[in-house]
Amino acid sequence: MSNTVHGSSTFPPHHPVPEPRFRVSRDALRASLWFWPTCASLAAVLLTLLLLQVRPDDDVAWARWIWPTGVDAASSLLQTVATSVMTAATVTFSLTVVALQLASQQFSPRLLREFARDARTQTILGVLMGTFMVSITGLHGMDANRPVPVLVVGLVYILGIASGVVLLLFIGHITRSLRVDTMMLNAHQGCLAVLRETYPASDTGEVQDFPRPGGGTPVPVGRSGIVQAVHAKPLVQMLHEHGLTMRMEVQPGDHLTIGTPVARVWSDDGGPVPLGAVRESLAGALEIGYERTPEQDAALGLRQLTDIAVKAISPSINDPITAAHALGYCADLLVDISHRRLGPEGQEDNDGVLRLVTVGRDYRYFMDLVCGPVRRFADSEPIVLTAVQRLLRDCAANAVNDEQRGEIRRQSSLVLENTSRNLAVADGQEVRDMARRVEEALLGDLESAFADRAGETRSV
């Protein structure tokens, strides 16, 4: 990054950059319940209109094999299928809404997007709506004075059977989806996939250091919302064309308020920064919405699991075992994070010149994200406090540098500080014993850290 200083530390006059009011991303379409069923409906209408043109005479053998009777019977079949399928679609929508309501109230409102993104639910709704559209479109094309469009009738017959099958599958699927273990597994797998795409693997957990020069021109954001994605390639191209270097100071998952700084820019030659072009390019590079999305936000999955844990230990639910299980999934993710390169990343142009530095989460952020809320809300529940210490023991056994070990030791001491003094002596001793095991794992004595009488330090 160039050491040339240009501009001041104060913001330029605030002129919001106009942005499109309607901006649809692939992830937003995937998370909508209407998109794929609508596509299936339109495809069904077009296919039916084409098949309506095929009307073989009644004496054609293959046509008689598909539909041996006349127009009236075919019309009755289409009417019956259309009515039944619309009823099934109504039931499917109703069950989906109930599932969303239960997930929001009992587990986390941030899980609703995962239900909407469910490919199986969208496929089932697409089959039902497609069957309905084929039926009513085919019914409109029936003519008593013309031969039966047997291909349409045959298609409706097949889709009617398929609709019954997918409805049964949907009931089983929604029942399985409402299990908290399924929700935690989905959140874990989704977060793990984002971690692997976002942070490179590292045996030492190193953090790259990009010297930050003073000065520079601050760039305010033109709209409020939550950063959902950062598209670096077009931004690097713009910086190369104008001879600029930028440090991006926000990342997916951050909340922005209009007019606040999101980046700082330096000119290679010390000349003026074309702030208008920078802000326009930045507006296109930052995907800002009203909610967090898992596309590039590696912390969202951990937030969902932490929400489940906090909800489970609330007085209205009082389910510490679920909280402990959620922390088990978090432990696996934190262990994976310890073997990744966190912190800032640099983006070079085609000439090999560093043009863009993007900030990144560090190890402490992820540890605070998981351990902080749980230890504060579970200060008098030894099952959950012990689960937090067990998570830290697992992380300690996989720590790859002193910075991680120091953070694990810090989190363990915070758990002890937050532990209620009203705990029974035996319960408090159990939490302290697990803290001792965390320290032994940090010192490399894994045999003592994991040795127990009957597996009580691994199960709940």
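Biologist: Which residues lie nearest the centre of the second largest pocket?
Modeller: This is a predicted model, and in it the second largest pocket has a volume of about 540 Å³. Its lining is made up of 22 residues, and those that lie nearest its centre are Thr198, Val230, Pro252, Gln296 and Thr358.

Biologist: Which elements give two or more residues to the lining of the second largest pocket?
Modeller: By class, that lining has 10 nonpolar, 7 polar and 5 charged residues. The elements that contribute two or more of the lining residues are α8 (180-198) and β7 (345-348).

Biologist: Are α8 and α12 roughly parallel or roughly antiparallel?
Modeller: The axes of α8 and helix α12 (residues 320-338) come within 10 Å and cross at roughly 10°. Angles under 35 degrees count as roughly parallel, so the relation of α8 to α12 is roughly parallel.

Biologist: How many charged residues does the contact of α8 with α12 have?
Modeller: Among the residues making this contact are Asp181 and His188 of α8 and Asp332 and Asp336 of α12. By class, the contact has 10 nonpolar and 3 polar residues, and the number of charged residues is 3.

Biologist: Is the crossing of α14 and α15 left-handed or right-handed?
Modeller: The axes of helix α14 (residues 382-398) and helix α15 (residues 402-418) come within 10 Å and cross at roughly 170°, and the two helices are therefore roughly antiparallel to each other. Their contact includes Leu385 and Leu392 of α14 and Ile408 and Val415 of α15, and the crossing of α14 and α15 is left-handed.

How values were computed:
Residues are numbered from 1 along each chain as its sequence is written. This is a predicted model: local features need pLDDT of at least 70, side-chain atom pairs count only at pLDDT 80 or more; totals for chains, interfaces and linings use all residues. Side-chain values use heavy atoms; hydrogens and water are left out. On a 1 Å grid over the protein atoms alone, a cavity is a set of points where a 1.4 Å probe fits but cannot get out, and a pocket is an open set with protein on both sides within 12 Å along at least five of seven lines; lining residues have an atom within 4 Å of a point. Grid points are joined across faces, edges and corners, and a volume is the space filled by probe spheres set on the points. Helices (H or I, at least four residues) and strands (E, at least two) are DSSP runs, numbered from the N terminus. Ala, Val, Leu, Ile, Met, Phe, Trp, Tyr, Cys and Pro count as nonpolar, Asp, Glu, Lys and Arg as charged, and the others, Gly among them, as polar. Axes are lines fitted to C-alpha atoms, for helices over the stretch in contact, and angles run from 0 to 180 degrees between N-to-C directions. Angles under 35 degrees count as roughly parallel, over 145 as roughly antiparallel, 65 to 115 as roughly perpendicular and the rest as oblique. A crossing is left-handed if the near helix is turned anticlockwise from the far one by less than a right angle, and right-handed if clockwise. Contact means heavy atoms within 4.5 Å.
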